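Could you walk me through this model in the viewer, one selection after another? I would like to know what to click on and what is there.

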Amino acid sequence: MGQLRAFIDGLRALGHQEGRAFTMEHRFADGDAKRLAALADELVHANVDLILATSQPVVNAARRVTKSIPIGGRMTDDPVRTGAAQSLPRPGGR
């Protein structure tokens with residue numbers, strides 16, 4: 001929860017207030033990696049604009065269910081090497 005709070009605080013410092021400039025749809029697997037795919041799928045069906053992942057397994061689960069929604073977050077692996085990004089400056093290749 002500390003990472004999420006830091007992210008929201010960082011957005012606020014940039015002038016983006018939760019509930020005004022953006023809303024968040026929270027999903028938590030509570031340590032059960034088997035739930036990640038279903039939770040990521042819920043976010044895709046909620047038509048979110050971005051999936052914010054707090055671990056590599058969450059990034060991987062989100063990548064399996066969407067190619068159109070940007071995925072941001074803390075990664076433990078090299079995103080270019082793993083295929084999660086085409087390059088660091090232009091992750092989506094656009």
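Here is a tour of a predicted model, going from salt bridges to a helix pair and then to some loop residues.

**Stop 1: helix 1**

Select Asp 9 and Arg 12 and show their side chains. Asp 9 makes a salt bridge with Arg 12, and their closest N and O atoms are 2.9 Å apart. Both residues belong to helix 1, which spans residues 2-13, and they are three residues apart, about one turn of the helix. In an α-helix there are 3.6 residues a turn, so residues three or four places apart point the same way. Now colour by accessibility: Asp 9 is partly exposed at 34% relative accessible area, and Arg 12 is partly exposed too, at 46%.

**Stop 2: from the loop to helix 2**

Next, pick Arg 27 and Glu 42. Their side chains meet in a salt bridge, 2.7 Å from N to O. This pair links distant parts of the chain, with Arg 27 in the loop between helix 1 and helix 2 (36-45) and Glu 42 in helix 2, 15 residues apart. Arg 27 has a relative accessibility of 28% and counts as partly exposed; Glu 42, at 39%, is also partly exposed.

**Stop 3: another bridge, and a network**

Move to Asp 30 and Arg 35, whose side chains form a salt bridge with an N to O distance of 3.8 Å. Is Asp 30 buried or exposed? Asp 30 is exposed, because its relative accessible area is 69% and the cut-off for exposed is over 50%. Arg 35, at 33%, is partly exposed. Elsewhere, salt bridges with shared partners join Arg 5, Asp 9 and Arg 12 into one network. The structure holds five salt bridges.

**Stop 4: helix 2 against helix 3**

Show helix 2 and helix 3 as cartoons. Two packed helices are described by the angle between their axes and the distance between the axes. Here the axes of helix 2 and helix 3 come within 8 Å and cross at roughly 55 degrees, so the two helices are oblique to each other. The crossing of helix 2 and helix 3 is right-handed.

To see the contact, select Leu 36, Ala 37, Ala 40, Asp 41 and Val 44 in helix 2, which meet Pro 57, Val 58, Ala 61, Ala 62 and Val 65 in helix 3. Sorted by class, this contact has nine nonpolar, no polar and one charged residues.

Stay with helix 3, residues 56-65. Which of its residues are buried? They are Gln 56, Val 59, Ala 61 and Ala 62. The elements covering these buried residues include helix 2, strand 1 (51-53) and strand 2 (71-73).

**Stop 5: loop residues**

Go back to the loop between helix 1 and helix 2 and click on His 16. At 36% relative accessibility, His 16 counts as partly exposed. Leaving aside residues up to four places away in sequence, His 16 touches Leu 11, Ala 21 and Phe 22.

Finally, look at the backbone. Most residues other than glycine have a negative phi. Asp 30, in the loop between helix 1 and helix 2, has a positive phi near 50 degrees. Asn 47 is not a glycine either, yet it has a positive phi of about 60 degrees. To find Asn 47, look in the loop between helix 2 and strand 1; Asn 47 is exposed, with a relative accessible area of 63%.

Terms used:
Residues are numbered from 1 along each chain as its sequence is written. This is a predicted model: local features need pLDDT of at least 70, side-chain atom pairs count only at pLDDT 80 or more; totals for chains, interfaces and linings use all residues. Side-chain values use heavy atoms; hydrogens and water are left out. A salt bridge is a side-chain nitrogen of Lys or Arg within 4 Å of a carboxyl oxygen of Asp or Glu. Helices (H or I, at least four residues) and strands (E, at least two) are DSSP runs, numbered from the N terminus. Buried means under 20% relative accessible area, exposed over 50%, partly exposed in between (1.4 Å probe, protein chains only). Contact means heavy atoms within 4.5 Å. Axes are lines fitted to C-alpha atoms, for helices over the stretch in contact, and angles run from 0 to 180 degrees between N-to-C directions. Angles under 35 degrees count as roughly parallel, over 145 as roughly antiparallel, 65 to 115 as roughly perpendicular and the rest as oblique. A crossing is left-handed if the near helix is turned anticlockwise from the far one by less than a right angle, and right-handed if clockwise. Ala, Val, Leu, Ile, Met, Phe, Trp, Tyr, Cys and Pro count as nonpolar, Asp, Glu, Lys and Arg as charged, and the others, Gly among them, as polar.
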